[in-house]
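Student: Hi, could you walk me through this structure? I'd like to ask things as they come to me.

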Amino acid sequence: MTLLVDRPGQPGAHALIIGVGDYAHLQGGSGPLSPDHGGMGQLSSPPESARAFARFLLQGYSHPALPLASLDLLVSEAASTPFPTPADALPERAAFDAVKAAVLAWFARADTDPDNLLLFYFCGHGLASGGQTTLLCDDFGSLPPNPLEHALDFTGLYLGLDKCKARRQVFFVDACRVASPTLFTTLNFVGHPVIPGSARFASRTRQAPVYYATVAGAAAYGQVGRPSVFTEATLQAFEGAGCDDLDGAWAVQTDALNRGIFHLMRRAVSRAATVGQLSTVDNLTRFALHHLAGRPRVPVEVACQPDAKNAHAELACVGNGQHLSRPPAAASWDLDLEEGDYTFSADLQPPEAGQGSTSTHVSPPFRPVRIPVP
Amino acid sequence: MARLRLRLDKYFDGESGNARVVARVRPLGRKAGGAGDVRNVTLPVGSDSGRWETVDGLQPGRYMVEAFLPSGEIVATEASTDQGEQVVLTGEPSPHEWLGFQHLWGNIPGREQFELERVEQVPTPAIPAVALVGPPLAAVGREPVAESCDRAWRTGQAVELETYVEHALQLDTVVDGAVVSYRVRQGQPRGAAGLRRYLLAGTPPALLCVLPWPWPNADGGGEALVEVLVGPELQASSTGAGARHFAAPLVRDSQISSALAYLGSGDLPSARKSLPVAQELLFEKMVNPVAAAGGGCVLVSDWLRQAGDAAQRERWFGWVNTLARSFPWLPDGPILAGWLALRGGAEQRVDQARAALLEAHRRGLPFYAAALRLLYDGLSLLANDATEDGRGDDELQVALATVRRLVLRLDVRQPFTVLQLGR
């Protein structure tokens, strides 16, 4: 456990953040290679992703009724790096025993008030097939006869967390969910749920969406030395694409967050050529997760109509005190704009000629803008 | 006061099935947190210029109209009440009119992307499929059944799964390159009650799709078109390595097809919004029990969350118990009943839940992926308790082992059950 925040007493958000990049028994690791490595190796993105998510919770997260009550951070990386807040804490590594202890302690902290919010974030290797997802701790493969001995049965844990009093729970699973022959051969064992579910437990039904970086069976993508595509999209969605003001002030709502992540992922994936990764969601419901201090920033995609004219068009955007422009380029123009009214224009350059413009209101989750040109 | 009339323009071949998508109408120029006049609505989709959603009682002014499609596409336009009341939204075009529904559901990319991918692909022959008619596949995870399906594939025609088949299911096809739409020919004899229909698609390891056929429209308006789109897997499949194709069954139903599309995308709030207001039509008349089960899959989490209302609870229990009792060939009914018994009220009925879930397992493969996952979750909870108590419960353990194998083969992107066979 590395409790960066622990403020018991009031209802609040209790977060458990796990980032695993250093796998001793996968390719390139420091230990004996597991026969079940399945082509998996070392990752540089999960530690950065976990830190970025933790930084957001410490510095950016805001919810008047659910302040951050606890935050536990586990990170496995080749060279451990202190987390600056508070006081250069060195995160504990995410070996299975440490993860198990952290999950149990996290459960206990949140199991005090039905108004608490459980927040779970994992970035690292995962295995999945169909409706089953298993997350790999850093000592995965250390016991060759049973590699999943050091893996977390996320599907089972999700069921088990229904026993927690906290009736609002949010899960972010930023992991490859490639299918594994291991899962098929072990059949009746898919990792440890840590907290097994029970049929005897009955309470008010929880609201507990799960955001996955990718569909089951597909690879998720990290970025070397940077937070992953999914984590970047999620954190950016918290700035605006994942919010609406239907209940009053601008707030990240769990259903709007799904749309925001989807569009930011689509944009990022086309940039990074990580084709195939599309975020997905389970058990989506609606509740406020984060309140914005100002106006939301909205992803905007600007292009000529027809698209082929982009290559000859100088594009401009005016509004909300901004004047932006871009020289001709074949791709569409991706912007992040504060919510508000804007005018977009296209000025065709030789050998083409002509102009076009359109005005529109930009609001979350995403605004495509098409400028008709001759 | 002013009003707007809204629709989303999209071309389909043949029947549109009264498709609808969720949308919102949001006034522009108001301050955040101020008195809003946001309207959550559903819009008709299609090329019928006679179908509109009317939004009355609006303050004159500018509005943003946004439609959220099951594919994830957002179609938005600004409208002003002083510029006429009709607002037509136009989204990304589908590759063909016959792929319009599949594009709306998110099973196939838009025209531009489709053409791009087709250009990049080596020409591929269309992926063949065969229809199967037979008894419920209670244990499709067991190898003998997978082998039986493989045999069906090799024979290339409708075959017996067990010992009796009353008729072969006739399919029509529409093809573009490797992408094929298999459509169940309408007006065929339905055969004996209790027979189930499947589509086996692709070369081994093949995909087994549960066909929602026959599918009478709940409003009594005839039979809905059931189709399965089969094509090369553009992304890694839900069940991973080895899958070369995808299969996407859908139904052009007048009542719940849109809700099922959102269910498949994981967007439950939109699925609920797009269910018909008159849920009684779905649940009380039971014209189409498979559709009612689909509605139940969309609503079950709401039912569980609102179970404190005794009158409502009794009504839902009544519907679901009728579904479970009256249609012994439908596994999805007892799955829903089992969950209502587990979590649906102040008084928990674990024994009743156990009996219902085991009955569902005996009835065979659920029609809906969501129901199969609920069955897995419910059996897991019961098995955990048996283990904790040191009780042996062989029947439960056998059912759980079978269902786990099915869940591992499930394509979770599809609302209807699609399994990858082999391995």
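Predicted model: local features only at pLDDT ≥ 70, side-chain atom pairs only at ≥ 80, totals over all residues.

Student: Ok! Let's start with chain B. How many helices and strands does it have?

Tutor: Chain B has twelve helices and 15 strands.

Student: And what share of its residues is buried?

Tutor: Of the 423 residues in chain B, 53% are buried.

Student: Which residues touch the most other members of the largest nonpolar core?

Tutor: Those are B:L199, B:A201 and B:C209, in a core of 242 residues. Helix α11 of chain B, residues 369-389, gives the most to this core, with eleven residues.

Student: What is B:L199 in contact with, apart from its close sequence neighbours?

Tutor: Setting aside residues within four places in sequence, the contacts of B:L199 include B:A129, B:Y182, B:C209 and B:A247.

Student: Switching to chain A: what's the strand order in its open sheet of three strands?

Tutor: The order is β17-β14-β20, and the pairing is mixed. At the edges are β17 (333-338) and β20 (367-372) of chain A, each pairing on one side only. Ignoring direction, neighbouring strands of the sheet are turned by 30 degrees against each other on average.

Student: And how does β14 pair with β17 in chain A?

Tutor: β14(A), residues 297-305, and β17(A) pair in the antiparallel sense over six bridges. For example, A:V298 has A:L337 in β17(A) as its bridge partner.

Student: Last one: A:S49. Is that residue buried or exposed?

Tutor: A:S49 is buried, because 33 other C-beta atoms lie within 10 Å, and 20 or more is enough to count as buried. A:S49 is found in helix α1 of chain A, residues 45-60.

Student: Which residues is A:S49 in contact with, beyond its neighbours in sequence?

Tutor: Leaving out those within four places in sequence, they are A:G19, A:C123, A:D174, A:P227, A:S228 and A:T231. Also, the C-alpha atoms of A:S49 and A:Q236 are separated by 13 Å, with the two residues 187 residues apart along the chain.

Key
Residues numbered from 1 in each chain as written. Chains lettered and ligands numbered in written order. Helix = DSSP H or I, 4+ residues; strand = E, 2+ residues; numbered from the N terminus. Buried ≥ 20, exposed ≤ 12 C-beta atoms within 10 Å, placed from the backbone. Core = buried A, V, L, I, M, F, W, Y, C linked by C-beta atoms within 7 Å. Contact = placed C-beta atoms within 7 Å. Pairing = 2+ DSSP bridges. Axes fitted to C-alpha atoms, helices over the stretch in contact; angles between N-to-C directions.
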